[in-house]
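Dear colleague,

I am passing on the structure below, and I would be grateful if you could read it alongside the notes that follow.

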Amino acid sequence: MCGISGLCCFAGDAKGAVHAVNEWMKDRGPDAEGIWTGADGAVTLGHRRLSIIDLSPAGSQPFRSADGRYTIVFNGEIYDYQKLRQKLLSEKKVTGFRGTSDTEALVEACGAFGVKETLQMCKGMWAAAIYDSRCKTLALTRDRVGEKPLYFGWVHTDNAADGRESFAFASDIGALTKIPGFSNRIRRDVLPLYFRYGYIPAPYTIYEDLYKLVPGSMLTLEAPYAKFDVPSDLYGECHRTGSGCYEGKGFRYELYWSMRDAAVEGFRNPFRGTREEAANELERLLREAVRGQMVADVPIGAFLSAGIDSSTVVSVMQSLAPGKVRTFTIGMNEDAYDEAPAAAEIARHLGTDHTQLYISEQEAQAVIPKLAGMFGEPFADSSQIPTYLVSQMTREHVTVSLSGDAGDELFCGYRSYASLSRIWGKMQSVPYGVRRIAGAALLHNPLPEPSLYRTKGMLLQADGPLSLGRLQRNAEFGIRGRIPDEIALAGSAAKGSAVPAAAEEYLPELLLSDACKDAMLRDLLQYHPDDILVKVDRTAMAVSLETRVPLLDRDIVEFAWTLPVSYLRNDQEGKLVLKDVLYRYVPKNLLDRPKKGFSVPVKKWLLSSALRPFAEDLLQPDKIRRQGYLDADLVSRLWSDLTERGIYRPQIWYILMFQNWLEKTIQNN
């Protein structure tokens, strides 16, 4: 786990600029720094190292292939790199290796088999940049599901004499702002997306001309690395071509793997065995994935909540380990949010070496001012706070931690999936025009919000299961009308401009002919990589902790898409086949309790004497008007709804995290 960076054709001191970027990412790689510049000076690559495999200098980066043609900077892990090494040796592509790192195996395989072909072979998590000195090309790539981040684009600098933009990339978007003279403006038209979701979905970022590389993709640039227009729906463009590739002048964007295609393939070729046989196969795949992800030259452990997902990962991990696995949980002194006692019971049953830490409300609240620096752009999933705290505690004992993320999305765990299917089943028999008129009438009902009438009115506006899912989410949050869009658009230069499409919006309705499966796909294309995985990566990297997610192993993901919905959930519960595996290790009675979730009491905190002054300072109407990004009157109404009427909407937290980020950004640049 590391931080990578690079500059192409930079008008200035490229090495100095890359060093500045690397310094910002020091927590991602506290062990060493490396910088390399090509012979012609056009490309400079940077690396910050967190040593995990091959702790010797032989694993340092940037790393050059034995023939000197390829230079790589790599962030992540290739879990099956030993197989890659054996393939290179058996096919006589190499005569030997200089060290034992997965990076060396990866760069030599890229030279022997091709970059795209190598990526398709590998299992792992990564973001990487591979420079080909013979062809003068730079390839950027990201893992299949988006565990590792990679930002790219064109940096505008005040000191560029000719006004040119320089191509740049990094693991942290905040790091790119440390390039001397950085002057990219805030991208106003993505703010409505942020206020809908609490994060900015890929491929967009908070800055103009900077983007997130989409999971499962590869972007190859040719010299002179000139600026090109990035299509707003680059991922969709690849799917529409039928070849998974989109080409323009001087660049090529292609998918080497697609979550959408994996879902379609699994739906067309469903698992034909019994549910017990499905559990047997899932357990086999889990054991293989966990075994591969337990490889490290440093201490390794696992997060353990009282949930199904982390308990399953830890159960398999302990069954494979030669000794006691280190497990970690944090508790909170509020029963509604505290899963530490239940996690301790599971740990005792499994026999792990368990550590738990109870955090006070004051300790949790003290994290909030730090969040802007961790994420580099506005991000507002409030579970970022406990995730940071459990990562901080875990790092005191180990360098690598496995987590149970992705169980809900892969195995239909969210109750909303079942309700979505049920509601759409009832609605679709009524013509859309009739539903829309009836919904509008309910929305104009003169009852206070939130109310059941308004919720029903919102849901009746849906023209398909995917739009129903979006409206259902808004209804749960008590959002009426266009509040998320209006926060940013009113009073700003972007008023009336088009809002870019998020990934979930360009999926066709009922791609998989099942509302439940389509909702899962929507979340795995957007919510999971852009929210959940971002939260885990940034908070863990802030304390130099590597996290690994066995449930996102390629083979497990592809197998999960073949399972019929009846193996995943019934009317009462989800994750059925995953539970079938877990109950082979842990008695059902230890898990048979309501899930409390990894969250914090945001509403209570914001009304407390400790946080209310912090919030009110950020939400001062005069300050907001002076900054010029948000509608000060609407923000004041939302805050009054909370403080005077007790109506909490997540947009309040989203606004606070935006304002906190904005103030920190202005101070630091």
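The radius of gyration is taken here over C-alpha atoms, and the globule rule it is compared with is 2.2 Å times the number of residues to the power 0.38. For the 669 residues of this protein the rule puts a compact globule near 26 Å, and the protein agrees with that because its radius of gyration is 25 Å.

Please keep in mind that this is a predicted model, in which local features need pLDDT of at least 70 and side-chain atom pairs count only at pLDDT 80 or more, while totals for chains, interfaces and linings use all residues. Residues are numbered from 1 along each chain as its sequence is written, and side-chain values use heavy atoms, with hydrogens and water left out.

Along the principal axes, the C-alpha atoms fill a box of roughly 75 × 65 × 50 Å. Of the 669 residues, 62% count as buried, which is to say under 20% relative accessible area, with exposed meaning over 50% and partly exposed in between (1.4 Å probe, protein chains only). The secondary structure comes to 30 helices and 18 strands, where helices (H or I, at least four residues) and strands (E, at least two) are DSSP runs numbered from the N terminus.

An open sheet of six strands, paired antiparallel, has the order 2-3-1-9-8-10; two strands pair if DSSP finds at least two bridges between them. Strand 2 (32–37) and strand 10 (210–212) stand at the edges with a single partner strand each, so one side of each is left without a neighbour in the sheet. Within this sheet, strand 1 (residues 2–8) is joined to strand 9 (residues 166–170) by four bridges, and Cys8 stands opposite Phe167 in strand 9.

Strand 5 (residues 70–78) is largely enclosed by the rest of the structure, because nine of its nine residues are buried. Strand 4 and strand 5 form a hairpin with five residues between them, and Gly68 in the turn has a positive phi of about 80°; in this pairing Phe63 stands opposite Ile72. Strand 5 is also joined by nine bridges to strand 6 (residues 124–132), which runs antiparallel to strand 5, and there Asn75 has Ala127 as its bridge partner.

With best regards
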